[in-house]
Amino acid sequence: MVRFGIIGTNKITEELIAAARQAEDFALTAVYSRTADRATEFAAMHGISHTFTDLEKMASSAELDAVYIASPNSLHAEQAILCMKGGKHVLCEKPIASNTAELEAMIRTARDNGVLLMEAMKSTLLPNFAAIRSNLHKIGPVRRYFASYCQYSSRYDAYKQGTVLNAFNPALSNGSLMDIGVYCLYPLVALFGKPSRVQANGIMLESGVDGQGSMLLSYEEMDGMVMYSKITSSYAPSEIQGEGGTMIIDKINQPEQVHIRYRDGSVEELTQSQAARNMIYEVEEFIRLLHSGQRESAVNSHANSLTTMEIMDEARRQLGLVFPADRKIL
Ligand SMILES: NC(=O)C1=CN([C@@H]2O[C@H](COP(=O)(O)OP(=O)(O)OC[C@H]3O[C@@H](n4cnc5c(N)ncnc54)[C@H](OP(=O)(O)O)[C@@H]3O)[C@@H](O)[C@H]2O)C=CC1
Ligand SMILES: O=C1CO[C@H](CO)[C@@H](O)[C@@H]1O
């Protein structure tokens with residue numbers, strides 16, 4: 001059994017728990033919240049035996065082996081480092097940190113303490129992502145990766161009425177690139193590695209975050225194009241275009257349907273059956289790694305997280321998008 005503690009008591013935490021309950025060897029023993037009332041309420045809802053409002057105490061508690069972090073992005077590094085110093089393995093929500101400096105400090109801490117650190121980027125661990133990867137060779141030399149994830153945020157309505165909720169708050173390292181853009185970039189990096197050049201555009205909001213953005217990413221023999229938004233919606237699928245055919249992916253953040261259209265008009269269906277509660281795959285990967293004594297995922301690897309973060313840092317540099325976290329010394 002791997003005994004988890006949870007940081008964050010929101011919807012995504014609920015989803016993770018519901019999915020993880022279906023995984024073998026998952027146990028949930030602790031929850032941290034800023035307030036005792038919320039910790040107690042959440043613990044009662046999920047049958048959790050230990051509650052904490054002091055993260056240092058949770059990090060050093062003998063009642064858990066690992067921590068799932070689903071707090072605002074600006075807190076990921078600090079909380080992960082604290083937990084890893086307490087010997088806890090860490091599964092950390094996307095984006096794993098605010099910037100590369102934070103992520104490097106997290107990776108150093110993981111290595112120094114011999115613990116597993118993995119970004120909870122669900123997309124790349126899904127069976128349908130494995131199908132994308134294993135069938136790529138069929139479309140010949142790849143010339144373009146195009147990913148679109150644009151989803152009008154319900155919190156943007158509040159923003160327009162004058163209330164800046166967490167999603168649009170730069171103090172929490174939020175905004176479109178961090179929240180949504182990362183889903184377009186991580187699969188690109190996992191499949192094709194580091195681009196030689198990044199060109200970023202974005203629309204900045206008065207709160208100091210980007211509302212939407214797009215990027216061109218250059219590789220020696222192909223281009224990457226990504227677009228993401230929290231202030232408009234897109235219904236376009238994502239595509240990987242090759243000289244011999246085009247792979248079409250319904251949703252880059254959670255591929256559920258994948259097929260290839262060849263140049264002669266024929267279609268090859270690649271869709272794999274996949275659990276509806278698709279966060280199970282990241283939990284299974286995490287537990288499998290722990291059972292086999294590994295301290296890094298080969299898919300959601302430190303290198304892939306770092307390259308993705310470097311791209312996001314560079315995009316933010318071009319846009320002049322700065323977070324308070326960028327000025328912090330860890
Ligand atoms: N994998 C996926 O599909 C998804 C991933 N995410 C990721 O999960 C993480 C959490 O996202 P989301 O739930 O929207 O985040 P929220 O901003 O809603 O905060 C998450 C939790 O952190 C605590 N919290 C809220 N505000 C603050 C604050 N100002 N300072 C300190 N703690 C705070 C709250 O817990 P408490 O009150 O108990 O302390 C809350 O439940 C993000 O990294 C996001 O990118 C989000 C949605 C989907
Ligand atoms: O990761 C995520 C998935 O989608 C959400 C929108 O519904 C985002 O806000 C979130 O952070």
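Reply: Let's start with the word "domain": the bounds used here come from an automatic or database domain assignment. For this chain, that assignment gives domain 1 (2-122) and domain 2 (124-278). The C-alpha centres of domain 1 and domain 2 lie 26 Å apart. Where the two meet, 14 residues of domain 1 are in contact with 17 residues of domain 2, contact being heavy atoms within 4.5 Å.

A bit of housekeeping: this is a predicted model, so local features need pLDDT of at least 70 and side-chain atom pairs count only at pLDDT 80 or more, while totals for chains, interfaces and linings use all residues. Residues are numbered from 1 along each chain as its sequence is written, chains are lettered from A and ligands numbered from 1 in the order in which they are written, and side-chain values use heavy atoms, with hydrogens and water left out.

Now for ligand 1. Both domain 1 (2-122) and domain 2 (124-278) give residues to its shell, so ligand 1 lies between them. There are 20 residues around ligand 1, and T9, N10, S33, N73 and N166 come nearest (a residue is near if one of its heavy atoms lies within 4 Å). That shell splits into 5 nonpolar, 8 polar and 7 charged residues. Here Ala, Val, Leu, Ile, Met, Phe, Trp, Tyr, Cys and Pro count as nonpolar, Asp, Glu, Lys and Arg as charged, and the others, Gly among them, as polar.

On to the polar contacts, meaning pairs of N or O atoms within 3.5 Å; within protein, one must be able to donate a hydrogen and the other to accept it, and residues adjacent in sequence count only if both atoms are side-chain atoms. The side chain of N10 has an N or O atom 2.4 Å from an oxygen of ligand 1. K122 puts a polar side-chain atom 3.1 Å from a ligand 1 oxygen, and for Y183 that distance is 3.3 Å. Taken alone, ligand 1 exposes 900 Å², and the protein buries 79% of that (Shrake-Rupley method, 1.4 Å probe; for residues, only the protein chains shown count as cover).

An oxygen of ligand 2 is 2.5 Å from a side-chain N or O atom of Y183. For D179 the corresponding distance is 2.4 Å. The protein covers 63% of the 290 Å² of accessible area that ligand 2 has on its own.
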